[in-house]
Amino acid sequence: MTPGPWVPLSGPAHRIALEVLLDGPLSRAELARRVDLSAGSLTRLTKPLLDAGLLVEVDEEAPARVGRPSQPLDVVPSAHHFVGVKLTGDTAHAVRTSLRAEVVAAAERPLTDHDPAAVADVVADVVAELSGGSPVTAVGVSLGGHVAGRGNVVRAPFLRWHDVPLGDLVQARTSISTVVANDVTALTEATHWFGSGRGARTFALLTVGAGVGFGLVAHGRLVTNDDASLGLVGHHPLDPAGPPCFLGHRGCATAMLAIGSITAQVSVAHARPVGYDEVLDLAEQGDPAARRVVDDAGRALGRLVAVAANFTMPDRVVLGGEGVRLATVAHDALLDGLHADRDPLATDPPLTIESPAFTEWARGAAVIAIQTFVLGA
Ligand SMILES: [Zn+2]
């Protein structure tokens with residue numbers, strides 16, 4: 001049976017379905033407690049969801065107990081598939097995921113032409129490859145830039161775009177519902193729904209990679225405004241003795257933490273081009289120039305964690321992005337930087353270091369598509 005659509009579910013039925021999607025399988029007793037309903041009301045509300053195939057009863061793993069067995073409720077993650085595409089200046093990275101954002105396939109394409117129609121062609125092509133003849137429910141596209149209205153790219157410096165209706169361009173080629181989001185926003189939502197932010201009422205996400213990003217979920221909701229996708233922490237001052245960024249700020253977050261700034265400093269020291277992973281390898285091996293640059297960056301990242309923790313009081317700080325291996329290689333320096341800017345009585349926020357895999361960004365884009373499907377536009 002093909003499950004029915006999530007929208008137009010509303011009220012308690014929608015809350016029930018969402019609880020099961022995010023935390024299932026759940027027993028009926030646990031579900032009734034979470035949505036504050038009587039057992040009778042829960043039975044009445046879940047029946048149409050079961051009839052529609054949106055929820056299913058699963059066999060309990062525990063051995064049979066005395067009395068009538070209660071079958072927990074779950075969703076079928078493979079009932080719907082989504083494609084998430086993250087655009088950089090030179091590549092479209094894509095994944096296909098289940099309804100629970102489990103990655104089941106990945107692909108990428110070079111972006112040789114930044115013309116919006118050409119980029120939309122590439123996105124449609126990679127969506128077609130990942131759908132592999134079976135239907136895709138929705139597509140999410142993310143990129144570093146300012147996005148308005150879930151479809152229009154107002155500004156994307158990496159692609160030199162202004163006012164591009166990317167959602168419409170992709171949807172016209174694929175005939176699949178498409179949403180567009182800022183990449184850090186998308187990764188924050190993925191962390192919130194299906195990642196290490198699960199269960200935290202308030203958490204901060206900091207990303208290091210081509211740039212520096214910050215996302216915040218407070219009291220279970222993404223904190224955002226019209227300026228959120230401008231990358232506002234990118235030029236936060238961190239080290240007055242650091243190198244300048246492209247805007248001339250000495251030791252700002254971009255100057256201290258962006259991959260390009262770190263590799264440039266070590267390349268100058270070694271008088272040859274040195275890639276990011278090699279910089280981190282050299283630092284681990286004790287190369288003096290790499291160790292100094294990496295520790296300075298780690299200390300700066302610790303200070304940025306302190307800023308986030310001081311102002312937002314999160315249950316957890318999550319570190320992600322393709323450059324996040326820095327947080328492991330320079331972990332001691334990171335803790336030094338964190339403690340330098342915290343009250344001595346303050347407890348360290350629990351820190352999670354995510355995978356640096358680039359597919360995490362594409363998975364974030366898929367989660368935006370999943371959220372639009374289950375919550376409505
Ligand atoms: Zn700057």
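Helices and strands are DSSP runs, helices of at least four residues and strands of at least two, numbered from the N terminus. The figures below show a predicted model.

**Figure 1. The loop between β4 and β5 holds Ala101.** This loop joins β4 (91-98) and β5 (103-110). The phi angle of Ala101 is near 65°, a positive value in a residue that is not glycine. Most residues other than glycine have a negative phi.

**Figure 2. A cis peptide bond links Gly24 to Pro25.** Omega for this bond is near 0°. Pro25 sits in the loop between α1 (11-23) and α2 (28-35). Most peptide bonds are trans.

**Figure 3. Helix α8 packs with helix α10.** Two packed helices are described by the angle between their axes and the distance between the axes. Here α8 covers residues 259-270 and α10 covers residues 288-312; the angle is about 160° and the axes are 9 Å apart. Therefore α8 is roughly antiparallel to α10, as angles over 145 degrees count as roughly antiparallel. The crossing of α8 past α10 is right-handed. On the α8 side, the contact is made by Ile262, Gln265, Val266, Ala269 and His270, and on the α10 side by Ala289, Ala290, Val293 and Ala297. Sorted by class, this contact of α8 with α10 has 7 nonpolar residues, 2 polar residues and no charged ones.

**Figure 4. Helix α4 crosses helix α5 at roughly 50°.** Helix α4 spans residues 116-131, helix α5 spans residues 166-174, and their axes come within 9 Å. The angle makes α4 oblique to α5. In this pair, α4 passes α5 in a right-handed crossing. From α4, the residues in the contact are Pro116, Ala117, Ala120, Asp121, Val123, Ala124 and Val127. From α5, they are Leu166, Leu169, Val170, Arg173 and Thr174. By class, the contact of α4 with α5 has 9 nonpolar, 1 polar and 2 charged residues.

**Figure 5. The chain is divided into domain 1, domain 2 and domain 3.** Domain 1 covers 11-75, domain 2 covers 79-188 + 360-375, and domain 3 covers 199-353. Taken over C-alpha atoms, the centres of domain 1 and domain 2 are 33 Å apart. The chain has 13 helices and 15 strands. Along its principal axes, the C-alpha trace spans about 70 × 55 × 35 Å.

Technical notes: Residues are numbered from 1 along each chain as its sequence is written. This is a predicted model: local features need pLDDT of at least 70, side-chain atom pairs count only at pLDDT 80 or more; totals for chains, interfaces and linings use all residues. Axes are lines fitted to C-alpha atoms, for helices over the stretch in contact, and angles run from 0 to 180 degrees between N-to-C directions. Angles under 35 degrees count as roughly parallel, over 145 as roughly antiparallel, 65 to 115 as roughly perpendicular and the rest as oblique. A crossing is left-handed if the near helix is turned anticlockwise from the far one by less than a right angle, and right-handed if clockwise. Two residues are in contact if their C-beta atoms, placed from the backbone, lie within 7 Å. Ala, Val, Leu, Ile, Met, Phe, Trp, Tyr, Cys and Pro count as nonpolar, Asp, Glu, Lys and Arg as charged, and the others, Gly among them, as polar. Domain bounds come from an automatic or database domain assignment.
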